[in-house]
Amino acid sequence: FASKLPSVGTTIFTTMSQLAAQTGAINLSQGFPDYDGPEALREALARHVAAGHNQYAPMTGLPALREQIAVKVERLYGRAVSADSEVTVTPGATQAIFCAIQALIHPGDEVIVFDPCYDSYDPAVSLAGGRCVHVPLASGDFAIDWQLLEAALSPRTRLIILNTPHNPSGALISRAELDRLATLIRDRDIYLLSDEVYEHLVFDGREHASVLGHDELYARAFVISSFGKTYHVTGWKTGYVVAPPALSAELRKVHQYVSFCGVTPLQCALADFMAACPEHVDELPAFYQAKRDLFCDLLAASRFSFRRTPGTYFQLADYSAIRPDLDDVAMAQWLTREHGVAAIPVSVLCKQPDPSQRLLRFCFAKREDTLRQAAEKLRQV
Ligand code: PMP
Ligand code: GLN
């Protein structure tokens with residue numbers, strides 16, 4: 001039996017969460033909060049289940065939810081999108097990414113991704129018969145290296161996958177970089193997938209430069225977000241894609257046969273909550289910046305070195321001063337087993353990791369007491 005994904009094993013997120021559970025370590029590896037989503041949101045779900053909203057949703061998503069997404073997109077990014085023809089609700093951003101890639105990529109097409117990169121992109125491209133070309137981000141600030149990007153373009157390049165704010169580094173793409181990208185691909189038949197699941201998690205007064213706010217790029221883009229991140233409910237696995245009508249139509253051809261639709265009562269509850277509480281998203285930067293700062297202030301007394309992350313709920317930390325002899329996979333295992341804190345090794349998210357890199361990713365979407373306990377352990381390493 002010939003595997004279609006011979007080089008794919010168990011994801012690092014499963015591996016590290018399992019190890020944390022086995023060893024009783026504090027789990028700062030896989031990205032998810034250890035607190036719950038808003039009570040009103042959870043109550044809305046219970047209400048809709050009790051009210052019998054338990055049959056299939058429309059294939060493209062509940063109209064009320066698509067409407068709320070359109071309202072948000074216009075309020076935050078100044079783009080009026082059609083809830084009918086440009087917004088599609090999916091069971092998770094992962095499914096949205098998969099469907100967009102299947103809709104666009106033909107055998108032999110090349111897809112540019114930036115390393116370190118989220119682990120679902122490459123297998124989705126392989127299953128479509130395409131090939132990922134991995135372009136490393138600059139070491140240090142994880143910015144796009146334009147020389148490397150230009151060198152990676154070929155006549156077969158069909159798609160570039162952006163992820164801003166960037167998992168795992170938190171780096172943000174600037175408006176000027178979006179302009180530069182638009183110039184670079186202007187005369188080529190290249191599309192964009194912009195993974196913006198951390199769109200609301202930007203700190204120190206920075207702004208998220210969404211592809212939704214860029215006319216030229218939006219015209220050829222799938223922009224993807226996730227309610228799991230925004231409402232602290234990763235287990236709800238509900239996300240969405242905003243794309244121009246022709247691209248949305250192609251995406252929907254795939255989505256209707258991958259899952260057909262998302263979960264109905266979840267969509268009802270999200271639509272209610274978005275309408276009742278639009279300010280929730282405006283409060284997220286301060287909410288997560290406080291967590292970042294607490295974690296970083298506590299970590300300052302450790303031997304880890306870091307620069308505060310500009311976005312996402314991940315903080316990278318360099319452990320060269322602690323165990324330079326260990327690569328990051330070994331370090332993550334050692335830290336979990338010996339010191340009781342689980343983290344993600346960054347090299348696993350790179351096609352050709354820099355062997356000298358000594359970086360771990362810590363998720364700070366945790367209660368204050370969890371962050372204090374974890375930092376106490378990390379200070380003793
Ligand atoms: N993209 C990135 C960069 C992510 O970090 C995640 C969250 N794991 C996803 C996509 C997937 O989101 P979802 O859980 O909604 O499928
Ligand atoms: N996006 C989450 C992270 O980066 C993990 C999602 C998953 O487990 N697939 O940690």
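This is a predicted model: local features need pLDDT of at least 70, side-chain atom pairs count only at pLDDT 80 or more; totals for chains, interfaces and linings use all residues.
1. D327 is partly exposed, with 15 other C-beta atoms within 10 Å. On this scale a residue is buried with 20 or more other C-beta atoms within 10 Å of its own, exposed with 12 or fewer, and partly exposed in between, the C-beta atoms being placed from the backbone. D327 sits in the loop between β9 (314–318) and α13 (328–339); helices (H or I, at least four residues) and strands (E, at least two) are DSSP runs, numbered from the N terminus.

2. Residues are numbered from 1 along each chain as its sequence is written, and chains are lettered from A and ligands numbered from 1 in the order in which they are written.

3. The protein is divided into domain 1 (12–37 + 280–379) and domain 2 (39–276), with bounds from an automatic or database domain assignment. Their C-alpha centres lie 25 Å apart. In the interface, 27 residues of domain 1 are in contact with 28 residues of domain 2, contact meaning C-beta atoms, placed from the backbone, within 7 Å. On the domain 1 side, the elements giving two or more residues are α12 (280–299) and β9. The largest share of that side, 6 residues, is from α12. By class, the side of domain 1 that touches domain 2 has 16 nonpolar, 6 polar and 5 charged residues; Ala, Val, Leu, Ile, Met, Phe, Trp, Tyr, Cys and Pro count as nonpolar, Asp, Glu, Lys and Arg as charged, and the others, Gly among them, as polar.

4. The largest nonpolar core has 114 residues, of which I97, A100, F222, V241 and L360 touch the most other members. Such a core is a set of buried Ala, Val, Leu, Ile, Met, Phe, Trp, Tyr and Cys residues joined through C-beta atoms within 7 Å. Both domain 1 and domain 2 give residues to this core, so it lies between them. Leaving aside residues up to four places away in sequence, V241 touches T88, T90, A96, A100, F222, V223, I224 and L251.

5. Ligand 1 is surrounded by 14 residues, the closest being G92, A93, T94, N167 and S226; a residue is counted if its C-beta atom, placed from the backbone, lies within 6 Å of the molecule. That shell has 3 nonpolar, 9 polar and 2 charged residues. Around ligand 2 are T11, F13, Q30, G31 and N167, which divide into 1 nonpolar, 4 polar and no charged.

6. Some backbone details deserve a check. The peptide bonds from D115 to P116 (omega near 0°) and from T164 to P165 (omega near -15°) are cis. P116 lies in the loop between β3 (110–115) and α5 (121–127), and P165 in the loop between β5 (157–163) and α7 (175–185). F260, not a glycine, has a positive phi of about 70° and counts as exposed, with 12 C-beta neighbours inside 10 Å. T312 also has a positive phi, near 70°, in a residue other than glycine, but T312 is buried, with 29 other C-beta atoms within 10 Å.

Conventions. Two residues are in contact if their C-beta atoms, placed from the backbone, lie within 7 Å.
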